[in-house]
Structure formats: C-alpha cells, structure tokens
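Colleague: Could you walk me through this model? I'd like to begin with the aromatic rings.

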Amino acid sequence: MSQDLLYQVALPMIPQVGGGTARMLVKYFGSAEKVFTAPKDVLEKVPRVGDALLKKILDHRAEALRQAEEVIRRAEKEEVQLLYYTNPLYPDRLRDLPDAPLLLYYKGNADLNASKAISVVGTRKSTDYGRVVTEQLIEGLVQHEALIISGLAFGIDIMAHKAAMKFGLPTVGVMANSVETVYPAAHQRDAEKMLQNGGLLSEFPFGTKPDAPRFPARNRIIAGMSDCTIVVESTSKGGSLISADIAHSYDREVMAVPGPITAETSQGCNQLIRSLKAVPYTKPKDLEELLNWDKALTPNSVPKARVPALDLSGFPEEEQRVLRVLHQAGPTHIDVLSRHTQFSMGQLSSVLFTLEMSGVVKAMPGKLFMLL
C-alpha cells in the first residue's frame, strides 16, 4: 500500500476538510502526509485554520487514516482507481478548477484526458425528439473519436450513454453516489457494458447514497470534464440547466438544442439560447465550428510532409515542445496542444503566455495558437 496514497485518501475524510481546504493544507505543508504528522503548534500557525478546524484535524487524523486503509483495500479488490488530483490520470480539464474534487473514484478503461470530450445532458422526461437528436448528435462525434460524458440518469443521460456504445465511442457516467452501486438500478446492465469502453466516476467514497444535494455536485464534474456541455432537452427548471450554468461559469462552451415553443421539454434549452448562455446546436457542424475542430489538429492528423527546419536553440525544453507542434501543424487548438505536449492545461497556459510575451506565438480566436 502506497504511503503517499494512504495520506491522500485520508485527508478529505477529516470532517470540514473539503477540496479547497485540503489543497490549502497541502500547499502549505508540501504533502498530505505532513498534514498528518504536523504538531499542534505548527498547525495553529497555518492561515485559515481556526480553532474549530484545528480540533477536527487533531481529533480525526488517526480515524481518517484507518478509514483510508479500508478504502484502498476495497478499491484494489473492486478494481477501482483512486485518482488524487496530482495523479496524471486525473482529468486535466477538471484539475485546475477552483472546486475540483481532491480525489476521484474511477472504474473503467476510458482515457479521461481524451483529446476531445463532450458532455451530453438533459431532462429525465425525454421525448422521441430528444432520443432522435441525441443519437444523431453522438453519431456526428464518431469521426472525432470523442469521449462522451453524462450522468447515467433516466432520459437524455442514459440515451447518450447508449448511443455512444452503439456507435463505438467511449462513455463515462459521473455518479452522485459511490461507484460500487449503480443508480438508478435499472441502468445496471448498461453500466456494466460501459466498463468495456468507458467507465464510472465519482468523488464520493464507498457506501455513499445518491442523496439530492449530491446531484449538483455531480453536475460540476460533468461540466468540468468536457470541452462543451450540450443540453438536448430541458424543462424550465431542469437539473441539466445547473450543468449548463456551471459550465458557463467555468468559461466552457455550452450548446442547447432548440425545440418547439409549445414543448415543456424544450423550455430550458430555448431559455439558455435566449439568454445567450448557450449556442444553438442543430447539426454536427455547429459544434465543430464552435470548438474549431474543423480547423484544429487532431491526434492522428499531424502532417507528414517535410517542412522547413525550425531553429529551437535558445528555447527551454518546455517551449521547444510547444513550438515543434505549432511548426509542424500550423494553427492548433489549446486542447490538442495539451494532448501532444503532454502538459497539463495550467502548465501549457504558462508556457504559451511566455511565448506570446516573447513575440513568438500568437493567440487566435477559438483558443487557437500559431507561430508568428
């Protein structure tokens, strides 16, 4: 059992230590382990650690470690991956968000850092119109080999998962309960099929029930893991509107499928479009143009033709990696750059900023970058 993982799993099990507090503590001490070994007089000096939080940490450290040992043993038994936020397999799109989970429980084989990832959500009261649109939408993503993310719920969510499996795309269900129990139970068979090309993901430890307050928390992961959240059908107060609002707050793209003004299940989508929080989705080309997929380099489309040599002497290795891709491929979307350079989004943004300030790289509309 990895000692690092033990402390990483245990930290959020201390009462009142949420993701933000845990990150603050790890940043201050340098590791999760040092939070557990720090004496009281050192903990007292940590900014934002008041008397109440200090007492919780001191009183519950031992119990949290014991619980973490049980979690790790169970995860190994049930083939569940424990993805701490510094783990390379943790979703990069999610990692740097202010409310990202500290730890994820993941069962499956899909790449959570796929070069293209789309969330498809909607009402539980879906119609035949929603089913047809969902299937057409997913089919249009086949050529892009996109990862399909949704919430495994009745209605549009499960339709999106089923369509992804039908067309051979990986699909991940983000859950409002722990990964060992499928909710709703009616989707047990579908969830098992998803494990063959996709997976199940949750921030909640084993034994967590799907209580109502956990669904909005689940929705922020759905929104945070994708390049764009598409709402297929929604009532005027549908839960998928929460996902759309969260995605909008993350400065991620949001699309909504317009529907008849007389249809209750299209009121939320039409409302998103009217309020300019979402771009209308009517055909695959709408999404491709919004995300510049028709212009951007894809993982298998690096041109093979010879191009003039580029003098990279004088550039640090990190900058050289970015410049090589841009030189070979031309204008490239930031997500594709991240994929090819293997940089996290935060690391890549820092390198690109330096190159822009040096007058070597230019940022273009649609999150594209090119050499000057």
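Modeller: Rings of Phe, Tyr and Trp (its six-membered ring) pair if their centres lie within 6.5 Å, with planes under 30 degrees apart counting as stacked, over 60 as edge-to-face and the rest as tilted. This is a predicted model, where local features need pLDDT of at least 70, side-chain atom pairs count only at pLDDT 80 or more, and totals for chains, interfaces and linings use all residues. Side-chain values use heavy atoms, leaving out hydrogens and water, and residues are numbered from 1 along each chain as its sequence is written.

Colleague: OK, how many aromatic pairs does the rule give?

Modeller: The count comes to 5 aromatic pairs. For Y7 and F36 the ring centres are 5.4 Å apart and the planes stand at 55°, so this pair is tilted. Because Y7 lies in helix α1 (residues 3-10) and F36 in helix α3 (residues 32-37), the pair ties together parts that are 29 residues apart in sequence.

Colleague: Switching topic, at what angle do α14 and α15 cross?

Modeller: The axes of α14 (residues 317-329) and α15 (residues 334-341), which are lines fitted to C-alpha atoms over the stretch in contact, come within 10 Å and cross at roughly 120°.

Colleague: And which residues meet there?

Modeller: From α14, R321, V322, V325 and L326 meet L337, H340 and T341 of α15, where contact means heavy atoms within 4.5 Å.

Colleague: What about confidence, where does pLDDT stay under 50?

Modeller: On pLDDT, the predictor's confidence in each residue from 0 to 100, the protein chain averages 90, and 95% of the residues score at least 70. The value stays under 50 over residues 296-307.

Terms used:
Axes are lines fitted to C-alpha atoms, for helices over the stretch in contact, and angles run from 0 to 180 degrees between N-to-C directions. Helices (H or I, at least four residues) and strands (E, at least two) are DSSP runs, numbered from the N terminus.
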